[in-house]
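Student: I have a new model on my screen. Can you show me how to read its main features?
Tutor: Gladly. Let us open it and go feature by feature.

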Amino acid sequence: MKRALLFLSAIFFIVVAVGCCDCRKRSKLERPLVGTTWQLVQIMAHDVTPDDECYTLQFRSNGTATGKGGCNVFTATFSVSSSRQLTISNIGATRRLCPDSEAESAFFDMLDRVTHYEMDADIMILLSNGTLVGMMKALPADTEPSYLPL
């Protein structure tokens, strides 16, 4: 009886340890929402490859968010909950004439529609009432866009 209990305990331990292996790898790669610079990689199921400092977003600890669309710098306010509800509002941007103003408008509209988010390693998945609206990739930790205020 003791052997059976010991054997089952060992199997349980192995299953738990191996099962969480992927979780540990993902949690090491997962970046914090606040303080990370995020760059758009997909909007409304369309992959995008933006220029270096375009289509970025950074959440600040004071409840503001800053970033850059196609050519305009913007600021906004945001709120987040422990259940990963996220609202981005009061988006205000500079008014430079952009070569692709439709893409920039789509980016700002997407941000305005976000209701919550999920994380998958270094990817932030933006959702609107359960529907995927965009995906953003974390830029390297040492990347600080030049347009962001200090």
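Tutor: Start with strand E1, residues 37-43. Of its 7 residues, 6 are buried, so the rest of the structure largely encloses this strand. Keep in mind that this is a predicted model.

Student: What share of the 150 residues in the protein is buried?
Tutor: Buried residues make up 33% of them. The cut-off for buried is under 20% relative accessible area. The protein exposes about 9500 Å², and carbon and sulfur atoms supply 59% of that.

Student: How many helices and strands does the protein have?
Tutor: There are 3 helices and 9 strands. From the N terminus, the order is α-α-β-β-β-β-β-β-α-β-β-β.

Student: Now the pairing. How many bridges join E1 to strand E9?
Tutor: Look for bridges, then for direction. E1 and E9 (residues 131-138) share 5 bridges and run antiparallel. Within that pairing, Gln42 stands opposite Met135.

Student: In which sense do E1 and strand E3 pair?
Tutor: Antiparallel, over 3 bridges, with E3 spanning residues 56-59. Thr37 has Gln58 of E3 as its bridge partner.

Student: What should I look for in the aromatic rings?
Tutor: Check the distance between centres, then the angle between planes. The structure holds 5 aromatic pairs. One of them joins Phe59 and Phe78, 4.7 Å centre to centre with 65 degrees between the planes, an edge-to-face pair. It links distant parts of the chain: Phe59 is in strand E3 and Phe78 in strand E5 (residues 73-80), 19 residues apart. Both Phe59 and Phe78 are buried.

Student: Why is the pair of Phe107 and Phe108 tilted?
Tutor: Their planes lie at 40 degrees, so the pair is tilted; the ring centres are 5.8 Å apart. The angle cut-offs are under 30 degrees for stacked and over 60 for edge-to-face.

Student: Are Phe107 and Phe108 buried or exposed?
Tutor: Phe107 counts as buried, at 0% relative accessibility. Phe108 is buried too, with a relative accessible area of 14%.

Student: Which residues do ring pairs link into a cluster?
Tutor: Tyr55, Phe74, Phe107 and Phe108.

Student: And contacts across the chain?
Tutor: Take the contacts between residues at least 6 apart in sequence. Of these, 47% join residues at least 24 apart.

Technical notes. Residues are numbered from 1 along each chain as its sequence is written. This is a predicted model: local features need pLDDT of at least 70, side-chain atom pairs count only at pLDDT 80 or more; totals for chains, interfaces and linings use all residues. Side-chain values use heavy atoms; hydrogens and water are left out. Helices (H or I, at least four residues) and strands (E, at least two) are DSSP runs, numbered from the N terminus. Buried means under 20% relative accessible area, exposed over 50%, partly exposed in between (1.4 Å probe, protein chains only). Contact means heavy atoms within 4.5 Å. Accessible areas come from the Shrake-Rupley method with a 1.4 Å probe; for residues, only the protein chains shown count as cover. Two strands pair if DSSP finds at least two bridges between them. Rings of Phe, Tyr and Trp (its six-membered ring) pair if their centres lie within 6.5 Å; planes under 30 degrees apart count as stacked, over 60 as edge-to-face and the rest as tilted.
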